[in-house]
Amino acid sequence: MKWSHVAKHWHAFVPNILTEWPDLDSDEVEATEGELGPFLDHLCEVTGMSREDARDEVSEWLEGTDPADAVMDETRDNERIIASARSMHPGEDAYSDDAEFGDDDSKDGRDDN
């Protein structure tokens with residue numbers, strides 16, 4: 001994931017950020033409004049790490065904890081849907097029907113092959 005995506009959806013990512021770095025002040029994190037520089041400044045101030053180390057940690061966090069092959073594993077779909085709820089805007093439904101985005105040749109959104 002890119003930081004621009006995090007910045008665009010900042011308020012949705014703040015809880016994940018506070019989970020990753022629980023010593024950060026939530027008001028200070030919110031106040032950065034998704035700007036990387038001020039966020040890194042706050043991270044460095046609170047944790048005492050260098051800016052380079054902070055940038056490395058943020059880069060690792062952006063990559064995620066699961067390798068791509070695990071994320072794409074169909075047997076983990078429900079787990080990923082449930083986990084996605086943490087990053088959703090209040091009022092969105094993690095279980096909403098996405099069948100309309102299925103195969104256009106199929107009547108019910110399923111591939112009949």
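Me: Starting with Glu 33: what is its relative accessible area?

Reply: Glu 33 has 48%, and that makes it partly exposed. The cut-offs: buried is under 20% relative accessible area, exposed is over 50%, and partly exposed is in between, with a 1.4 Å probe and protein chains only.

Me: What kind of model is this?

Reply: This is a predicted model, where local features need pLDDT of at least 70 and side-chain atom pairs count only at pLDDT 80 or more, while totals for chains, interfaces and linings use all residues. Residues are numbered from 1 along each chain as its sequence is written, and side-chain values use heavy atoms, leaving out hydrogens and water.

Me: Back to Glu 33. Where does it lie?

Reply: Glu 33 is in the loop between α3 and α4. Its phi is near 55°, a positive value in a residue other than glycine.

Me: What about Thr 32, buried or exposed?

Reply: Thr 32 counts as buried, at 7% relative accessibility. Thr 32 also sits in the loop between α3 and α4.

Me: Which residues does Thr 32 touch?

Reply: Trp 10, Pro 38 and Phe 39, once neighbours within four places in sequence are left aside. Contact here means heavy atoms within 4.5 Å.

Me: Okay, big picture. How many helices and strands are there?

Reply: The chain has 7 helices and 0 strands. From the N terminus on, the elements run α-α-α-α-α-α-α. Both kinds are DSSP runs numbered from the N terminus: helices are H or I with at least four residues, strands are E with at least two.

Me: How much of the chain is buried?

Reply: Buried residues are 24% of the 113 residues. The accessible surface comes to about 8300 Å², and 47% of it belongs to carbon and sulfur atoms. Those areas come from the Shrake-Rupley method with a 1.4 Å probe; for residues, only the protein chains shown count as cover.

Me: Which residues of helix α2 are buried?

Reply: Helix α2 covers residues 10–20, and Trp 10, Ala 12, Phe 13, Val 14, Asn 16 and Ile 17 are buried there. They pack against α1 (3–8), α3 (26–31), α4 and α5.

Me: Why might residues a few places apart in a helix point the same way?

Reply: An α-helix has 3.6 residues a turn, so residues three or four places apart point the same way.

Me: Switching topic. How many salt bridges does a search of the whole structure find?

Reply: It finds 1. Asp 41 pairs with Arg 51, and the closest N and O atoms are 2.4 Å apart. The pair links distant parts of the chain: Asp 41 is in helix α4 (residues 36–47), Arg 51 is in helix α5, and they are 10 residues apart. A salt bridge needs a side-chain nitrogen of Lys or Arg within 4 Å of a carboxyl oxygen of Asp or Glu.

Me: What are the relative accessibilities of that pair?

Reply: Asp 41 is partly exposed at 44%. Arg 51 is partly exposed at 35%.

Me: Which residues gather in the negative patch?

Reply: Glu 20, Glu 52, Asp 53, Asp 56, Glu 57, Glu 60 and Glu 63, on the surface. The largest share, 6 residues, comes from helix α5 (residues 51–63).

Me: What counts as a patch?

Reply: Residues with over 30% relative accessible area and no salt bridge; like charges are joined within 9 Å, and nonpolar side chains (Val, Leu, Ile, Met, Phe, Trp, Tyr) within 5 Å. Asp and Glu count as negative, Lys and Arg as positive, and His and the chain ends are not counted. A charge is placed at NZ of Lys, CZ of Arg, CG of Asp or CD of Glu.
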